[in-house]
Amino acid sequence: MPQSSVFHFRLCLEKILLQCIIQSRTLSGADAINALRPFYFAVHPDFFGQHPKEREVNENSLKRLNGYLENLQKPGFRSFKPTQLTFYVREREPNSSNVQESFSTSGFRAVSFTLHTRDLLSTVLDILNSCSLSTEHVQSLNVNSQPHKEAKSTLNRPIKWDKTYYSFTGFKDPEEDLEQAQRVETTLTSWLDDNEASAVKKLKKSLPLRKELERLKFELSHQLQLSDIRWQRSWGIAHRCSQLHSLGRLVQQRPEVVKNVKGRTVVFTDRSGMSAAGHIMLGTMDVHHHWTKIFERLPNYYKLQKRLLFLEDRISQLLGGIQVIYIEELQPLLTLEEYYETLDSFCNKLLDSRLRFHPHSLRGLQMILESDRYTPSLHEFGHFTIPTVCDPATLQWFIVAKAQEARENLKRKEEMMITEKELIGTSTEKFSLDRLYKEPSVSSAQMIDCCKRLLEESLPYLQGMHLCISHFYSVLQDGDLCIPWNWKS
């Protein structure tokens with residue numbers, strides 16, 4: 001058969017098979033996460049430690065994707081806005097039988113696509129197809145079958161193809177994919193068995209650099225009278241030391257430009273400026289010339305920050321005293337200018353709507369503004385997440401209706417934070433860990449559950465290690481062990 005005919009046959013057959021799946025099945029949230037496992041392995045930020053720009057892009061895109069998937073699962077949700085996403089996707093290694101190990105750590109490509117689907121299954125298929133990842137395993141998921149009556153007898157009958165079919169068409173055998181997925185379901189102890197030696201070797205190699213990093217950070221913080229020095233991403237220790245050396249050289253060469261940084265926090269990130277939280281951002285890809293300009297502009301940034309605080313107070317007055325906050329761990333990284341524009345637009349919208357709240361009726365409550373959401377929600381920690389495009393009448397009804405629940409959640413948050421801190425301390429002590437921490441995307445409830453289960457185990461592998469609670473298993477380049485918060489025993 002000519003090659004063009006084979007390609008046409010494959011294309012038609014794939015369209016027919018996928019259409020049958022879409023018509024006959026719906027996915028649950030858990031099914032969607034399982035179906036997207038190959039995608040998460042291909043784009044997860046942990047695998048881009050040496051590529052900070054690509055890591056940043058993937059982290060922000062994952063946040064927006066998660067918001068889109070959450071909205072799809074909300075009952076009665078109808079308002080969808082097309083969402084454009086860009087991911088750097090790791091290239092697959094040929095002849096690899098393991099899903100996690102089948103991706104290269106060096107090569108990657110940029111993929112952009114727009115989501116405008118209205119159900120989980122179509123969204124999952126769109127994502128996988130856009131990234132040139134297999135969709136065959138989606139058929140083997142335990143989903144809720146909803147066949148058309150006239151097609152019930154054919155759509156419900158599983159098709160089992162001969163092995164030669166997969167060799168000829170190039171499709172993946174679903175049974176083989178299922179076996180691979182089962183192999184990925186690793187237990188904590190087996191994964192530690194396989195990866196302890198590698199992690200210990202990397203950790204020992206990084207120890208001198210870790211000491212150097214602490215020295216540089218302490219000296220610069222003391223010299224510039226900074227409140228803190230942070231990194232937005234989990235860059236390697238060598239990368240961080242290089243950034244501090246670079247800042248140190250600038251301070252020596254141009255001491256006059258850093259005279260306005262007292263009491264501030266410096267954050268190394270992917271772009272320079274001032275963040276919505278008021279931190280000085282130094283782009284790791286920028287040269288001293290760009291950093292110098294940022295330091296020289298600090299007086300103007302401080303003036304804009306005062307205007308921003310005034311806007312927050314004005315919104316608070318219009319909404320019954322609710323406090324407007326910005327949470328770095330939960331919100332996309334915004335510059336001071338971007339956040340100011342968001343607040344200004346929202347404030348004008350409130351003024352035009354002439355909403356009426358009883359003064360101080362919502363004092364003690366908190367809210368954050370989001371540009372990527374379309375319906376208001378209440379976070380488990382008690383703050384309201386308010387979309388900038390939210391209808392004012394809907395906003396008022398939602399806040400008033402959920403006010404008491406929000407107060408209860410805020411109280412529970414305080415208790416949860418205390419519990420989390422205690423469990424981190426107890427776990428660190430029991431396993432003689434050098435450090436135990438979590439990714440920002442891991443909630444306190446997840447961290448508490450993880451620590452409680454860890455404390456029931458005997459894990460001598462962890463002595464002296466750096467343990468990060470994440471969503472995936474991985475060993476970082478400096479020896480930190482990353483385990484999913486919902487690890488299997």
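Lys217 forms a salt bridge with Asp228, the closest N and O atoms being 3.7 Å apart. This pair links distant parts of the chain: Lys217 lies in helix H9, Asp228 in strand S5 (residues 228-231), eleven residues apart. A salt bridge here is a side-chain nitrogen of Lys or Arg within 4 Å of a carboxyl oxygen of Asp or Glu.

This is a predicted model, in which local features need pLDDT of at least 70 and side-chain atom pairs count only at pLDDT 80 or more, while totals for chains, interfaces and linings use all residues. Residues are numbered from 1 along each chain as its sequence is written, and side-chain values use heavy atoms, with hydrogens and water left out.

**Salt bridges**

- By this rule the count comes to eleven salt bridges.
- Lys217 and Asp228 also belong to a network of salt bridges with Arg230 and Glu328.
- Lys217 is partly exposed, at 24% relative accessible area; buried means under 20%, exposed over 50%, and partly exposed in between (1.4 Å probe, protein chains only).
- Asp228 is partly exposed too, at 23%.
- Glu212 and Arg215 meet in a salt bridge of 2.9 Å, N to O.
- Both lie in helix H9 (residues 188-224), three residues apart, about one turn of the helix.
- Helices (H or I, at least four residues) and strands (E, at least two) are DSSP runs, numbered from the N terminus.
- Glu212 counts as partly exposed at 24% relative accessibility, and Arg215 as partly exposed at 36%.
- Arg254 and Glu296 form a salt bridge at 3.7 Å, N to O.
- That pair links distant parts of the chain, 42 residues apart: Arg254 is in the loop between helix H10 (237-253) and strand S6 (265-269), Glu296 in helix H11 (residues 288-296).

**Strand S12 and its partners**

- Phe384 and Ile386 point one way from strand S12 (residues 384-387), Thr385 and Pro387 the other way, and all are buried.
- Strand S10 (residues 366-370) pairs with S12 in the parallel sense over four bridges; two strands pair if DSSP finds at least two bridges between them.
- Pro387 in S12 is the bridge partner of Glu370.
- Strand S11 (residues 377-378) pairs with S12 in the antiparallel sense over two bridges, and Ser377 stands opposite Thr385.
- S11 and S12 form a hairpin with five residues between them.
- In the turn, Gly382 has a positive phi of about 100°.

**Trp485**

- Trp485 sits in the segment after strand S16 (481-484).
- Trp485 and Cys468 are 17 residues apart in sequence and 9.2 Å apart in space, C-alpha to C-alpha.
- Beyond its neighbours within four places in sequence, Trp485 has contacts (heavy atoms within 4.5 Å) that include Val442, Arg453 and His471.
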